[in-house]
Amino acid sequence: MGLNAPNSKYFCLYCNCQSELRWDMDQNFENSGNHACNVKGENRKPALFPAINQENYIPDELHLLLRIVDVLMECFFNDVIKKKEFEKKIKLEIEQAMQNIKVHFEFFKSRSTSGKWDWTSLMGPDKKRVLEHFPISQFISGTRGQEIEKLWKEFLRLYKVLRKPFLSDQEIDAFEIDAKQWIRTFYCATEGRPNSISHKPGLYRKQDVTPYMHVFAQHMHQFMRQLKMKNLSLRYFSTSSIERKNHDQVRLFFGGTTMGGGTEKKSEY
Ligand SMILES: [Zn+2]
């Protein structure tokens with residue numbers, strides 16, 4: 001779409017936010033378009049469809065769900081894969097916990113990243129089930145486990161708001177506040193000295209906040225208001241049905257090859 005790469009300095013289609021400030025929820029980034037790349041030395045690619053007004057590029061809610069859950073799962077797995085008992089014990093327990101909530105899920109050694117652990121890429125409905133039911137606190141003890149579990153459930157709640165066919169102004173206002181607060185909880189800072197009673201480690205790092213998370217917390221509420229004025233909602237713009245077809249096609253195709261269906265390569269977004 002004439003976008004800069006997600007890892008470029010001015011990564012966002014909708015504003016001039018710089019990549020180092022993706023996590024910043026105390027500033028408001030208006031849906032004004034990205035103009036910063038016209039500055040000398042920053043070469044923004046021209047729009048792919050110049051006839052389409054920028055405000056009509058609506059972010060796809062399904063991809064927000066898929067990519068943000070990828071981040072949450074990766075952060076969680078990075079915590080547990082480091083543990084000594086991962087391969088012999090925890091790996092099987094996680095696979096079993098997934099099976100208990102009727103999600104087909106496996107870890108496998110990746111061929112492309114020299115033997116690092118990779119895992120089954122899940123579709124939207126499975127990802128929602130994992131957010132709602134996966135027992136994180138069985139695998140991460142103490143308040144950290146409980147807080148991560150809350151973080152997952154709160155994201156699902158916010159996503160369901162995003163999908164509602166009708167939203168009141170108050171619901172959109174609340175969404176804006178809660179989505180920003182959700183990002184703050186995601187990267188909340190470590191408090192207190194290590195080993196002291198008041199020590200409370202943060203969940204994840206500011207740099208773990210991705211461009212999709214920035215769009216989710218900074219721009220979606222603006223689109224929700226804009227669409228509401230036109231009596232529309234985000235779900236009209238979802239690509240869910242096309243994704244389902246793509247997934248089925250890929251599974252049918254690879255199911256007949258040595259790559260094996262069901263353990264598709266993780267998406268590279
Ligand atoms: Zn932005």
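Where is the place of lysine 102? The legend of Figure 1 answers this after a note on the model. This is a predicted model, in which local features need pLDDT of at least 70, side-chain atom pairs count only at pLDDT 80 or more, and totals for chains, interfaces and linings use all residues. Residues are numbered from 1 along each chain as its sequence is written, and side-chain values use heavy atoms, with hydrogens and water left out.

**Figure 1. The loop that holds lysine 102.** Lysine 102 lies in the loop between helix H2 (86-100) and strand S1 (107-109). Helices (H or I, at least four residues) and strands (E, at least two) are DSSP runs, numbered from the N terminus. Most residues other than glycine have a negative phi. Lysine 102, although not a glycine, has a positive phi of about 65°. Its relative accessible area of 69% makes lysine 102 exposed; exposed means over 50%, buried under 20% and partly exposed in between, with a 1.4 Å probe and protein chains only.

**Figure 2. The site of the zinc ion.** Cys12 (SG), Cys15 (SG), His214 (NE2) and His219 (NE2) coordinate the zinc ion at 2.0 to 2.3 Å. Donors are N, O and S atoms within 2.8 Å of the metal (3.2 Å for Na, K and Ca); water is not among the atoms, so sites may look incomplete. The site is tetrahedral, with angles of 101 to 117° among the 4 donor atoms; four donors count as tetrahedral if all angles lie between 85 and 135 degrees. Cysteine 15 lies in the segment before helix H1 (61-81) and histidine 214 in helix H6 (residues 211-218), so the pair ties together parts that are 199 residues apart in sequence. Both cysteine 15 and histidine 214 are buried.

Figure 3. Cysteine 17 counts as buried at 1% relative accessibility.

**Figure 4. Helix H5 against helix H6.** The axes of helix H5 (residues 169-186) and H6 come within 8 Å and cross at roughly 145°. Axes are lines fitted to C-alpha atoms, for helices over the stretch in contact, and angles run from 0 to 180 degrees between N-to-C directions. Residues of H5, including Phe175 and Trp182, meet residues of H6, among them Met213 and Phe216; contact means heavy atoms within 4.5 Å.

How values were computed
Four donors count as tetrahedral if all angles lie between 85 and 135 degrees; four count as square planar and six as octahedral if opposite donors are over 155 degrees apart and all others between 65 and 115; anything else is irregular.
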